[in-house]
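Q: Hi! I have a structure open and I'd like to talk through it. Could you help me make sense of it?

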Amino acid sequence: MNHPHEDDLLLLAYGELDDAAVAELERHLTACDSCREQLIRLERTRAALSWTPPQRVRPARSVMQWVAVGALAAAAAVAGVVLGGRPPQQDRPETAVWPGPLDWSPTAGYLAGGKAVITIDEQLTRLERERSYVTP
């Protein structure tokens with residue numbers, strides 16, 4: 001006896017076979033207990049899957065964490081513009097190049113634009129190391 005493929009039984013359970021294939025499978029199922037049991041298992045699984053509620057996806061970060069990160073990033077951007085900007089034209093000679101204040105940032109490991117930028121960088125680094133930052 002040739003047993004139908006499991007895919008054909010699954011298509012029958014979902015009602016996606018043409019009439020000729022359905023008639024042939026039903027003839028086989030009336031005579032074969034193992035295929036009939038397999039079809040019943042597939043139909044139960046299909047019914048169970050249709051009744052399961054969709055999984056709720058939890059947001060990775062709370063709104064307050066994103067607000068804090070955004071505020072620190074904005075403060076770093078403002079500090080960079082204020083501290084790294086060029087002085088007014090009348091205060092410097094035409095040929096002079098003003099590099100701005102540079103200090104070593106031990107947290108970041110590079111030269112940063114002054115103490116204020118280093119302080120902001122340290123705050124951002126501390127925020128990134130918190131448990132709530134690394135766990136969803």
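Predicted model: local features only at pLDDT ≥ 70, side-chain atom pairs only at ≥ 80, totals over all residues.

Q: Great, let's start with H2. How many residues does helix H2 have, and how far does it reach?
A: Helix H2 covers residues 19-31, which is 13 residues. From its first C-alpha to its last it reaches 19 Å, close to the 18 Å expected at 1.5 Å a residue.

Q: And which residues of H2 are buried?
A: Val22, Leu25, His28 and Leu29 are buried in H2. They cover an arc of only 130° around the axis, so they sit on the same side of H2.

Q: Why would residues spaced like that end up on one side?
A: An α-helix has 3.6 residues a turn, so residues three or four places apart point the same way.

Q: Nice. What is exposed on the other side of H2?
A: There you'll find Asp19, Ala20, Glu24, Arg27, Thr30 and Ala31, which are exposed.

Q: What do the buried residues of H2 pack against?
A: They pack against two helices, H1 (6-13) and H3.

Q: Which of its residues are buried?
A: In H3 the buried residues are Cys35, Gln38, Leu39 and Leu42. Their arc around the axis is only 100°, which puts them on the same side of H3. On the other side, Arg41, Arg44 and Trp51 are exposed.

Q: And what does the buried side of H3 pack against?
A: The buried residues of H3 pack against H1 and H2.

Q: You mentioned Cys35. How many disulfides are there?
A: The count comes to 0 disulfides.

Q: Changing topic: how many salt bridges are counted?
A: The count is 1 salt bridge. Arg36 forms it with Asp33, and their closest N and O atoms are 2.0 Å apart.

Q: Where do Arg36 and Asp33 sit relative to each other?
A: They are 3 residues apart in helix H3 (residues 33-51), so about one helical turn separates them. Arg36 counts as partly exposed at 31% relative accessibility, and Asp33 counts as partly exposed at 48%.

Q: What about H1? How far apart are Leu10 and Leu42?
A: Leu10 lies in helix H1. Leu10 and Leu42 are 32 residues apart in sequence, while their C-alpha atoms are 6.4 Å apart in space. Leu10 counts as partly exposed, at 34% relative accessibility, whereas Leu42 is one of the buried residues of H3.

Q: Last one: where is Lys115?
A: Lys115 is in helix H5 (residues 115-129). Lys115 is exposed, with a relative accessible area of 60%. Its C-alpha atom is separated by 9.9 Å from that of Ala79, which is 36 residues away along the chain.

Definitions and conventions. Residues numbered from 1 in each chain as written. Heavy atoms only, no water. Salt bridge = Lys/Arg side-chain N within 4 Å of Asp/Glu carboxyl O. Helix = DSSP H or I, 4+ residues; strand = E, 2+ residues; numbered from the N terminus. Buried < 20%, exposed > 50% of the residue type's maximum accessible area, 1.4 Å probe, protein only. Expected span 1.5 Å × (residues − 1). Arc of directions from axis to C-beta. Contact = heavy atoms within 4.5 Å. Disulfide = S-S within 2.5 Å.
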